[in-house]
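Reader: I have a model open and want to learn to read its features. Can we go through it step by step?

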Amino acid sequence: MSSSSFVNMATIGDFDPLNATVPATKVEITVSCRNLLDRDTFSKSDPICVLYTQGIGNKEWREFGRTEVIDNTLNPDFVRKFILDYFFEERQNLRFDLYDVDSKSTNLSKHDFLGQASCTLGEIVGSLGSRQEKPLGGIPGISGKKCGTIIVKAEELNNCRESVMMQFCGNKLDKKDFFGKSDPFLVFYRSNEDGTFTICHKTEVVKNTLNPVWQAFKIPVRALCNGDYDRTIKIEVYDWDRDGSHDFIGEFSTSYRELSRGQSQFNVYEVINEKKKGKKKKYLNSGTVTLLSFLVDIEVTFLDYIKGGTQINFTVAIDFTASNGNPAQPTSLHYMSPYQLNAYGMALKAVGEIIQDYDSDKMFPALGFGAKLPPDGRVSHEFALNGNPQNPYCNGIDGVMEAYYQSLKSVQLYGPTNFSPVINHVARYAASVKDGSQYFVLLIITDGVISDMAQTKESIVNASCLPMSIIIVGVGPAEFDAMIELDGDEVRISSRGRYAERDIVQFVPFRDYIDRTGNHILSMARLAKDVLAEIPDQFLSYMRTRGIKPLPAPPPYTPPGQPLQTQI
């Protein structure tokens, strides 16, 4: 879209088409169990599975839904599925409880408990073939092995990946301008469950005509109708005015199902202005709007790549410059209180615990910068937190936290604050695997003002054509003005006249997310949600510009010893 067409974008409700919220991708969860406990004396158990989810800040489990009951089996394959909204940027905890149903009562305490298993939605979709198998446990006095296993599979719903390309034209629209004709544009709304409407698209303005032809536009089906083909779509027609007081010409309603008939007599709509209709006896309409074309396109999604085996590699880099304050003092940003995580620990854990679900080996390189290292006190801007430069990998997020705490005891905080060495470190790895099998996310946690701005910009511009994204979390009270420039949301970052191929940096100050009531779980969830929200789109923009298609998912799992059924 050219910048000039943005100038004419009408400001109904300050709608920003680039940041409009699209409803989440929906994922369908299928549950099976094997070798359940047998609680019935004369027959086998009659199992049901109950799914619980958690609120974001309060960790309270809430019942989400129940499968059907399957009579007389220890190996149920439940038919009723759970449909969940999926967010990459949230840690979505799930708990599956199994019961043997003994009566018609809906009260679960009246039935025998058969065990439970917990995992995150990210773990399921991040597993090979989006399939997770877990032992059931949680029954006092019975070892885990005896309770059997649960198998949970995730499948992205198909209508989440459809986009549609549409074009409309208007005919004999009402003249609204005193001099000349009208300057019409359309505004599209999807209806919500509660009867309210949410704006989801706005066309450009076509100047000085009562018979406009608007440009074709593409919109995800989720954004248009949340995947519900019969839900009302409301379209309003306006005459654009320079001062923003656009005149209402009229409106009409339709649905995805009607639009999908394409160009036909069904898709010519009368534009009605109820106010005018009430005043004028002979009022017919305020013109018509016609659908000229309708094309459905199936998009590949972030989850298609994850399902096909693409791994997300997570690296963390921590700022050990002296401006953080002496770690032995409670005022230091690196102070280790026995009672709670410091800001570095919180940021690391918040982001790491979500990304780790998408990395099968759970081994994470952890680096530090801006410290003097033992034994000789040389200053380093990319040292391994675990003290092993040949192998900087730590086992899991807990391993990274442990290495961070240990290094605080051995290194001396110093300076300056140079980012480019750690960015170049990850870029070297990213440059060696450009086939789409891996994507790299670097988390830099820093207290402040960057010393090597020119080199960092150069490094980011070079990295923008590699499969990597950079998240920068600023901790402490410093001014982070320079970081906003690196973020590139407002103005694309450049170095020596070269612009970054795509925006790969996301910066946030941690202080904006701290919960006033001291609920650290909530602070961490808010931080992770914001810094990770852009990653799937950055990931897709790399894959699409390189023409990399997702690999097919591995074939469905067949337990050993069971013959494959041949289709006749």
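Reader: How many positive and negative side chains does the protein chain have, and how far apart do the centres of the two sets lie?

Author: First the counting rule: Lys and Arg are positive, Asp and Glu negative, with His and the chain ends not counted. Each charge is placed at NZ of Lys, CZ of Arg, CG of Asp or CD of Glu. Here, the protein chain carries 60 positive and 69 negative side chains. The centres of the two sets lie 3 Å apart.

Reader: What should I know about the source?

Author: This is a predicted model, where local features need pLDDT of at least 70, side-chain atom pairs count only at pLDDT 80 or more, and totals for chains, interfaces and linings use all residues. Residues are numbered from 1 along each chain as its sequence is written, and side-chain values use heavy atoms, leaving out hydrogens and water.

Reader: Where is confidence lowest, and where highest?

Author: pLDDT is the predictor's confidence in each residue, from 0 to 100. The protein chain averages 90, and 93% of the residues score at least 70. Helix H1 (residues 3-7) is lowest, with a mean of 36. Strand E21 (residues 383-384) is highest, at 98. Over residues 1-14 the pLDDT is below 50. Beyond near neighbours in sequence, that stretch has 21 contacts in the model; a contact means heavy atoms within 4.5 Å. Residues 562-568 also fall below 50, with one such contact.

Reader: How many helices and strands are there?

Author: Both are DSSP runs, numbered from the N terminus: helices are H or I, at least four residues, and strands are E, at least two. The protein chain has 13 helices and 28 strands.

Reader: Is helix H10 mostly covered or uncovered?

Author: Buried means under 20% relative accessible area, exposed over 50%, partly exposed in between (1.4 Å probe, protein chains only). Of the 568 residues in the protein chain, 53% count as buried. Helix H10 (residues 453-463) is mostly covered, with eight of its 11 residues buried. Among them are Met 453, Lys 457, Glu 458 and Ile 460. The cover includes helix H9 (420-432), helix H11 (481-487) and strand E28 (505-509).
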